[in-house]
Amino acid sequence: MKHNCSRIIGLCIAALLLCTGCAPSAEESQKALMRYMENRYPEDNFTWWYNALGGEGENTYQTYEIIMHSEKYPNAAIHAARWKKDGEFVYADNYMAFYLQDDVEAFMQQMAEEYFGECKVYEYFSKGKLVSSAFPIDATAEDYLKSKPGCSITIYLAPEGHTKADAQENLIKFQDMLTEKQYYNVSGGVRIILDQATYDGITSFVSYPGGLDSSIVDFVGGFEVK
């Protein structure tokens with residue numbers, strides 16, 4: 001009997017070790033995501049920063065997300081994630097938000113000028129949407145805007161040639177155009193900068209309130225395409 005008990009315990013331990021070896025680990029998930037990013041974006045270099053999601057539990061590292069630094073976008077928090085779907089791992093990342101930021105701003109700038117005239121357009125996002133590995137890396141700004149990216153656009157209007165009433169009327173037309181083009185999940189706001197020197201000095205997204213003196217900002221309104 002004692003011999004049989006020892007044999008049973010040994011078999012249980014072996015089975016446990018086998019199962020543990022088959023289960024994905026944190027290190028394996030991390031390395032897999034780093035390989036995915038390196039293969040998908042070979043012209044950039046990535047450095048692991050920290051693990052954002054994943055742990056031992058029901059999923060046992062089947063859902064995992066890491067944050068990394070990028071050589072091309074050193075100020076960006078690059079997210080990459082993977083999870084199990086239909087028994088297979090699928091991957092996604094937010095790299096395209098940073099990769100296409102300049103193109104998106106230029107694209108929106110061109111459209112905004114048709115409605116508002118002299119203006120500056122900048123995009124703000126704290127993270128950017130994670131798009132799947134099926135999203136083409138040669139996508140255009142319009143492709144990205146049609147992917148429900150969750151990006152926010154701020155339109156700064158020059159002090160000359162704008163009234164708040166006219167800008168509000170044009171804002172309605174601008175939002176209608178975005179809706180017609182199916183740029184869903186894009187939002188933002190329009191602000192008239194009342195000081196020319198301040199307007200000239202804006203070269204990127206500026207938070208408000210806080211980043212701009214409220215005495216020189218006339219808020220026109222916000223827009224959101226759902």
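**Ground rules.** I number residues from 1 along each chain as its sequence is written, and side-chain values use heavy atoms, with hydrogens and water left out. Since the model is predicted, I note that local features need pLDDT of at least 70 and side-chain atom pairs count only at pLDDT 80 or more, whereas totals for chains, interfaces and linings use all residues.

I looked up the strand order and found an open sheet of four strands, 5-7-8-9, with mixed pairing; strands (E, at least two residues) and helices (H or I, at least four) are DSSP runs numbered from the N terminus, and two strands pair if DSSP finds at least two bridges between them. Strand 5 (119-124) and strand 9 (217-225) are the edge strands, each pairing on one side only. I read an average twist of 20 degrees from one strand to the next, with axes fitted as lines to C-alpha atoms (for helices over the stretch in contact) and angles running from 0 to 180 degrees between N-to-C directions.

I then followed strand 8 (residues 186-193), which runs antiparallel to strand 9 and is joined to it by eight bridges, and I noted G189 opposite G222 in strand 9. Helix 4 (residues 101-116) packs on the sheet and touches strand 5, strand 7 (152-157) and strand 8, its direction making about 140 degrees with that of strand 5; contact here means heavy atoms within 4.5 Å. Helix 6 (residues 164-180) also packs on the sheet, touching strands 7, 8 and 9, and its direction makes about 20 degrees with that of strand 9.

**Pockets.** A pocket is an open set of points on a 1 Å grid over the protein atoms alone, where a 1.4 Å probe fits, with protein on both sides within 12 Å along at least five of seven lines, and lining residues have an atom within 4 Å of a point. For the largest pocket I noted about 280 Å³, the volume being the space filled by probe spheres set on points joined across faces, edges and corners. Of its 14 lining residues, N75, A76, F98, Q101 and F125 are the closest to the centre. Helix 3 (95-99), helix 4 and strand 5 each supply at least two lining residues.

The second largest pocket holds about 150 Å³, and helix 3 gives the most to its lining, with three residues.

**Loop residue.** I placed P74 in the loop between strand 2 (64-70) and strand 3 (78-85). The C-alpha atoms of P74 and F46 are separated by 9.7 Å, 28 residues apart along the chain.
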